Amino acid sequence: MSAVTATTRRVAALARRDARVELSYHFQLLLRLVNILLSVLTFFFLGRLVGDAAPLARYDGGYFSFALIGLVMTGLAYTCISSFSRSVAQAQSDGTFEILLSTTTPLGTLMAGTLVVPFVMSVFDAVIYLGVGWALTGGELPLLSLLTAIPLVVLTLGTFCAVGLLSAAVIVLSKRGDPLAGMTLQVGNLLAGALFPVALLPEPVQVLSRAIPAYYGLNGIRDVVLAGAGLGDVVHEMAVLAGFNVVLLPASLWVLKRAIAVARVTGTLGNR
């Protein structure tokens, strides 16, 4: 069996386990749908109030389309940030964390396996967000442009996965709630322009925004989807995001490995 086949089977096994758990909560799935509908409707009517503000002039569709992209990316980002730490916390709680780590499955593969089902469900949420948004705009939302933006979406979410691995490391050591997920999303909403243009912020804060990966991701995705840009027009954004991924993903996985090693030495690895 090749290494790729073995890794795929291990990831699939973890995904099947998580799928059985998630699909058993039917009422929770209904609540997800209701929450999406309420969120989209809220920003649709807020968009009518905002109108065609000057900072949104470059984007077709006005504030609603601008905010809808932010909502979709925020949902996907939250999944990438929170899934690893939630999986680690659950495994510690039911006593299976040490068992999983004692197998021959690499840590990176274990983490990837725990992301599959939450991410698929988050993509399903994104499809509903965009479908409802498309209907509310009378079919004017350029959904096909999202296919062009997929490389930007992947690179942006990779940086959030790095934060998620760091969150898992915190859970391993502290056995407490995840302090990074909420804070990262708040910083993203404020400084990266998830729900309003960064141009509205004071100049010094705008400079700070450029240190946040999501700033480049959101700008690039909106340029492609709402401003008619091609991938050739957002090469700078993709290059910056790729640089963040090359540095942050290996570094965060190393931190998680170190956290597990420390927990083993202190005898707290499986405690919750």
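Guide: Start with handedness: α3 and α7 cross in a right-handed sense, meaning that the near helix is turned clockwise from the far one by less than a right angle. This is a predicted model, where local features need pLDDT of at least 70, side-chain atom pairs count only at pLDDT 80 or more, and totals for chains, interfaces and linings use all residues. Residues are numbered from 1 along each chain as its sequence is written, and side-chain values use heavy atoms, without hydrogens and water.

Helix α3 spans residues 62–94 and helix α7 residues 150–174. Their axes lie 8 Å apart, at an angle of about 25°. Axes are lines fitted to C-alpha atoms over the stretch in contact, with angles from 0 to 180 degrees between N-to-C directions. The two helices are therefore roughly parallel (angles under 35 degrees).

Contact means heavy atoms within 4.5 Å. On α3, the contact residues include Met-73, Leu-76, Cys-80, Phe-84 and Val-88. On α7, they include Val-153, Leu-157, Phe-160, Gly-164 and Ile-171. By class, the contact has 17 nonpolar, 5 polar and no charged residues. Ala, Val, Leu, Ile, Met, Phe, Trp, Tyr, Cys and Pro count as nonpolar, Asp, Glu, Lys and Arg as charged, and the others, Gly among them, as polar.

Ser-83 also lies in α3. Ser-83 is buried, at 2% relative accessible area (buried means under 20%, with a 1.4 Å probe and protein chains only). A polar atom of its side chain sits 2.6 Å from the backbone oxygen of Thr-79. Not counting residues up to four places away in sequence, Ser-83 touches Thr-114, Leu-115 and Pro-118.

Notes:
Helices (H or I, at least four residues) and strands (E, at least two) are DSSP runs, numbered from the N terminus. Angles under 35 degrees count as roughly parallel, over 145 as roughly antiparallel, 65 to 115 as roughly perpendicular and the rest as oblique. Buried means under 20% relative accessible area, exposed over 50%, partly exposed in between (1.4 Å probe, protein chains only). A polar contact is a pair of N or O atoms within 3.5 Å; within protein, one must be able to donate a hydrogen and the other to accept it, and residues adjacent in sequence count only if both atoms are side-chain atoms.
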